[in-house]
Amino acid sequence: EREYWEYDNYPEGEVAEMVDMYVAKGMTREDAELCIGLMSQHRDFFVDVMMLEELGLQVPSEDDNPWKDGFITFASFIFFGFFPLLGYCIFPFAFPHLSSHTLFLIACVCTSCTLFLLGAVKSNFSQKTWYRSGFEMLLIGGLVAITAYVIGAVTNAIVQNYWKVNLAQIQGV
């Protein structure tokens, strides 16, 4: 909707922006102006191209089924979410001598590989290369995991400190 608003309220700016993009991709300014001038005469087509070129977004087709998309997302969540648990569900039984620290490291490696793989798969639905998308997902997922770990550690410290103080007060009374 934003792109339609921009097209309706400031078409010259959108046309100029698209011309600059096409010139940056190697077209001459004259060819880019001709091409974009023709495209801009067809509102829906031009907005679709703007979304793809400017934002890297694929316009959903009318055949898209949100239930199917939701199920695929759910199945992917279950499938990819299983791999980080390998470090705690499978490895302790297969290798009972491993320490909890080693199991945590195995879980971190499994999670990292899974995040990279998920990003690489995601590249099929974007314009990014598989390795760039993989590293992007690994970086974002890694930052989220670190943030969650730090929040958990801080919460744990607060709760333990709270119970120590309250337990001391109870015992002192």
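Is cysteine 35 buried, partly exposed or exposed, and at what relative accessibility? I looked this up first, and cysteine 35 counts as partly exposed because its relative accessibility is 26%, where buried means under 20% relative accessible area, exposed over 50% and partly exposed in between, with a 1.4 Å probe and protein chains only.

I note that this is a predicted model, in which local features need pLDDT of at least 70 and side-chain atom pairs count only at pLDDT 80 or more, while totals for chains, interfaces and linings use all residues. Residues are numbered from 1 along each chain as its sequence is written, and side-chain values use heavy atoms, with hydrogens and water left out.

Next I looked for disulfides (pairs of cysteine sulfur atoms within 2.5 Å), and a search of the whole structure gave zero. For cysteine 113, the closest cysteine sulfur is that of cysteine 110, at 6.8 Å, which is too far for a bond.

I then turned to helices H2 (residues 11-24) and H3 (residues 29-39), whose axes come within 9 Å and cross at roughly 135°; helices here are DSSP runs of H or I with at least four residues, numbered from the N terminus. The contact (heavy atoms within 4.5 Å) is made by residues including Val15, Met18 and Tyr22 of H2 and Ala32, Cys35 and Ile36 of H3.

My last entry concerns glutamate 14, which is placed in helix H2 and counts as buried, at 5% relative accessibility. Leaving out residues up to four places away in sequence, I find that glutamate 14 touches Glu3, Glu6, Tyr7, Phe46, Met50 and Glu54.

Conventions. Axes are lines fitted to C-alpha atoms, for helices over the stretch in contact, and angles run from 0 to 180 degrees between N-to-C directions. Helices (H or I, at least four residues) and strands (E, at least two) are DSSP runs, numbered from the N terminus.
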